[in-house]
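Here are my notes on the aromatic pairs and the sheet. Please read them beside the model.

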Amino acid sequence: TSSANELQADYLHDYFKAIDRGIHPILAKDPQPLILAGVTRELAIYRTVNTYSPVLTGAVHGSPEKLASGALYAKAVELMSAYSVRAMDATLLEMEEAGNRGLIVTDPAALIEAAGNGQIADLIVSPAAPGFAEREDAINWAALATIRNSGKISFLSAAQRADGMAAILRYRQAGPNGSTTPQFVAS
């Protein structure tokens, strides 16, 4: 009956609110994208109460109890791979836009200085890049300084960032004569 369906929807709404409250402390320690798995109707109800971000737009459709664990894992990996590609594309676009505004740094010494000054909004790291191991200590220091100053860290493949690191600045450092010409930009 419709009243039974309404009661079930209300129950699921409350149940999913409790889940939403419960996942925040868990995911706060390592904020990763949330991948939903469930039947379509329940996924729709959960999305109305969800307050965590990011939640992948795709989901594993079907009852998780009836899906083999290998199938559930394979679908989650597929969704996460697609998300990662979109995230890398977005980072590359942000880098291009920042470069057009003179807010990109690739010189290692300038990057370290900018990290120490709290100027880095996004530190872009390519662990597979040639020579990454030789710069790993400097990159780790820059990553810690970036995080301490509320910046974020993004990862790219070696083919996309051959020098191993770059940074998008929050603002341009004023030059010696008061101009806003970026002092830290290396091409």
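1. Tyrosine 11 counts as exposed, at 52% relative accessibility. Tyrosine 15 is partly exposed, at 42%. The classes use relative accessible area with a 1.4 Å probe and protein chains only: buried is under 20%, exposed over 50%, partly exposed in between.

2. This is a predicted model: local features need pLDDT of at least 70, side-chain atom pairs pLDDT 80 or more, while totals for chains, interfaces and linings use all residues. Residues are numbered from 1 along each chain as its sequence is written, and side-chain values use heavy atoms, without hydrogens and water.

3. The whole structure holds 3 aromatic pairs. One of them, tyrosine 11 with tyrosine 15, is stacked: 6.0 Å centre to centre, 10 degrees between the planes. Rings of Phe, Tyr and Trp (its six-membered ring) pair with centres within 6.5 Å; planes under 30 degrees apart are stacked, over 60 edge-to-face, the rest tilted. Both tyrosines sit in helix α1 (residues 2–28), 4 residues apart, so about one helical turn separates them. Helices are DSSP runs (H or I, at least four residues) and strands likewise (E, at least two), numbered from the N terminus.

4. Phenylalanine 16 and tyrosine 46 pair edge-to-face, at 5.6 Å and 85 degrees. This pair links helix α1 to helix α2 (residues 40–49), 30 residues apart. Tyr11, Tyr15, Phe16 and Tyr46 form one aromatic cluster.

5. The open sheet has 4 strands, ordered β3-β6-β4-β5, with mixed pairing. Pairing requires at least two DSSP bridges between two strands. The edge strands are β3 (104–105) and β5 (152–155).
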